[in-house]
Amino acid sequence: LCPRCSVPPFPSCIYPLVHHPKSKSTMTPASEEKHGGGGGGMSRAAKKRAKKKQKSLDTNSSTKRPASPEIENSASELHHGEKGFRNKKIKSIVEKEEPYLGGEFQDDGDACEHLSAHRSSSPSVQFPTLPSNTPIVDILLLKDASSKLKLAKQLECLTAKQRAACLFQAILAPTTLEEFYNEYWEKKPLLVRATTSNRSRYSGLLSLESIKTMTKKHSLYYGRDLNVTKYKKGPDGVKRRVTLDKLPANDKASAKSGDNTEDEATLVETSELWSNYEAGCTIRLLCPHKYNDAVQSLLSTLETELQCMIGANAYLTPPRSSQGFAPHYDDIEAFCLQLQGSKRWKVYEPTFKLPRTSSEDFTPEDLEGMEPVMDITLEEGDFLYMPRGWIHQACTLKDNNQHSLHLTVSAMQQWAWVDLLEMVMPDAVEAAAMSDSSTSLRQGLPRGFMEYMGVMYEETKDEKLPDSLRRLTEEETEENIHKKEIAILQDRFRAEAKKRIMMIAKTALDMVDATCD
């Protein structure tokens, strides 16, 4: 149903471009070509039919919400093809009707908003506000749609982008998408507590029972499908992460040669796996989406929203203060969904912001003097977002006999500007060097440049020198004259280098589109 006038979408709705900017046109191909192919050029007969149908619907139903006069006037101007109609007017109407849009209407009539500098070019989407207790799986798979007819009607007309935004908003609520991208994305952690009504919103994704079924039904391999880990004290009394993955018999030889492949991974024995779990080990599923449609659909949908590769790990930790991993930071944007049980998290500020690689394990001594900025317990239904670089560790509660299961969705791995430029710059250097129109990069370096370029020739200026010593260094002695000559040569060299660097940069800009492909 049209969210504005409560009638079916175009052509029954008489305000197609305002309410349904992407609705399909009912014009004939000839008239569509004449009017530019959009839905904004209705024929007179079509307009009369639409208005007549609208009047009959308004007469038969007193519950229909009338359209605002502003929208009606704008639609009338649009349908009659008046030249004075402007996108600015649509923008003001939409902003008044739906504050979330808050963006611009481009020439094609699509709504856009600038959520943040990171997403400034992403088009906005409209989607229905779902009840806070709507299970995530229902949004993903529309299970039991017959018993959830209202939800199905709300979601069935959404585009892929709209459903992705709807899903992400449901996970973040009550935080809005705009607030998240502006205030938290790549900046600071976000904790979203579940309420009594939506405590089970993640049910249907994964559970202890479904993981047990998965390990029995499918052939899983250590290092490829799962890890078994434990964070415990070593012989020297220092706590470290210990990986209990069963390695192949020829692992030592293959590790030395660097030829270890997935084919040599060891098959997981179910009884041994769960025996280690009962002994306090954490099971990390590396590809939970491989055997779970709901998780696969979740990742696929979030890829549409975040526009990058999305992955996931699931962490099953036994109760009673069990911990599988040492404190560390990751090279991903981490979205942690607490599926079952509870877990205590300690989060520390980054020592290096937005790292490109994950850290080595931190020891307790490494964290001395560092106070956690978050010391929280995630309960079932809670959500925690951590930007890459934020140090964290987590364990189950000491006095709680329930296991913990959480799903960590990962994004933005190796998806930074530097990763793009690492690909484009070497090719740009090669392309600029092979240019037919310029031999600049192929010219030889200046003769004798090693006699004035380099760190040993850098002139250090000490602003705290006494005036007498400063005057002495400025005197026209033979040594000072030689230094000035070197400085002139250095400036010339840097100027020539800058010309060539700018040539490469221009070539790189010309290659950006191909590199993005």
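Let's start with burial. Of the 517 residues in this protein, 42% are buried. Keep in mind that this is a predicted model.

What does the secondary structure come to? The protein has 16 helices and 13 strands. Now look at contacts between residues at least 6 apart in sequence. Of those, 75% join residues at least 24 apart.

On to helix pairs. I have three of them to show.

Pair one is α8 with α13. Helix α8 covers residues 160-172, and helix α13 covers residues 293-306. Their axes come within 8 Å. They cross at roughly 105°. How do we describe that angle? Anything from 65 to 115 degrees counts as roughly perpendicular, so α8 and α13 are roughly perpendicular to each other. Who makes the contact? From α8, the residues are Ala 160, Lys 161, Arg 163, Ala 164, Ala 165, Leu 167, Phe 168 and Ile 171. From α13, they are Leu 298, Thr 301, Leu 302, Thr 304, Glu 305 and Leu 306. Sort the contact of α8 with α13 by class, and you get nine nonpolar, two polar and three charged residues.

Stay by α8 for a moment. The loop between α8 and α9 holds Pro 174. A cis peptide bond links Ala 173 to Pro 174, with omega at about 15°. Why point that out? Because most peptide bonds are trans.

Pair two is α10 with α12. Helix α10 is residues 208-217, and helix α12 is residues 270-278. The axes come within 10 Å and cross at roughly 150°. Over 145 degrees counts as roughly antiparallel, so that is the label for α10 and α12. The crossing of α10 past α12 is right-handed. On the α10 side, the contact uses Leu 208, Ile 211, Lys 212, Thr 215 and Lys 216. On the α12 side, it uses Thr 270, Leu 273 and Trp 274. By class, the contact of α10 with α12 has four nonpolar, two polar and two charged residues.

Helix α14 spans residues 417-433, and helix α16 spans residues 478-516. They pack at an angle of about 125°, with axes 8 Å apart. That makes α14 oblique to α16. Here too we have a handedness: α14 passes α16 in a right-handed crossing. The α14 side of the contact is Leu 420, Met 423, Val 424, Met 425, Asp 427, Ala 428, Val 429, Ala 431 and Ala 432. The α16 side is Ile 504, Thr 507, Ala 508, Met 511, Thr 515 and Cys 516. The contact of α14 with α16 counts twelve nonpolar, two polar and one charged residue.

Now zoom in on α16. Met 503 is in this helix. Buried or exposed? Met 503 has 26% relative accessibility, so it counts as partly exposed. What does Met 503 touch, leaving aside neighbours within four places in sequence? The answer is Ser 438, Ser 440 and Leu 441.

Take Ser 440 from that list. It sits in the loop between α14 and α15. Its relative accessibility is 15%, so Ser 440 counts as buried. Beyond neighbours within four places in sequence, Ser 440 is in contact with Arg 500 and Met 503.

Here is another serine. Ser 359 is in the loop between β9 and β10. At 18% relative accessibility, Ser 359 counts as buried. Which residues does Ser 359 touch, not counting those up to four places away in sequence? They are His 328 and Tyr 329. The side chain of Ser 359 reaches the backbone nitrogen of Tyr 329 at 2.9 Å.

Last topic: backbone angles. Most residues other than glycine have a negative phi. Now two residues with a positive one.

Glu 186 has a phi of about 65°, and it is not a glycine. Find Glu 186 in the loop between α9 and β3. With 24% relative accessibility, Glu 186 counts as partly exposed.

Gln 414 also has a positive phi, near 50°. Gln 414 lies in the loop between β13 and α14. Its relative accessible area is 56%, so Gln 414 is exposed.

That's my tour. Over to you.

Terms used
Residues are numbered from 1 along each chain as its sequence is written. This is a predicted model: local features need pLDDT of at least 70, side-chain atom pairs count only at pLDDT 80 or more; totals for chains, interfaces and linings use all residues. Side-chain values use heavy atoms; hydrogens and water are left out. Axes are lines fitted to C-alpha atoms, for helices over the stretch in contact, and angles run from 0 to 180 degrees between N-to-C directions. Helices (H or I, at least four residues) and strands (E, at least two) are DSSP runs, numbered from the N terminus. Angles under 35 degrees count as roughly parallel, over 145 as roughly antiparallel, 65 to 115 as roughly perpendicular and the rest as oblique. A crossing is left-handed if the near helix is turned anticlockwise from the far one by less than a right angle, and right-handed if clockwise. Contact means heavy atoms within 4.5 Å. Ala, Val, Leu, Ile, Met, Phe, Trp, Tyr, Cys and Pro count as nonpolar, Asp, Glu, Lys and Arg as charged, and the others, Gly among them, as polar. Buried means under 20% relative accessible area, exposed over 50%, partly exposed in between (1.4 Å probe, protein chains only). A polar contact is a pair of N or O atoms within 3.5 Å; within protein, one must be able to donate a hydrogen and the other to accept it, and residues adjacent in sequence count only if both atoms are side-chain atoms.
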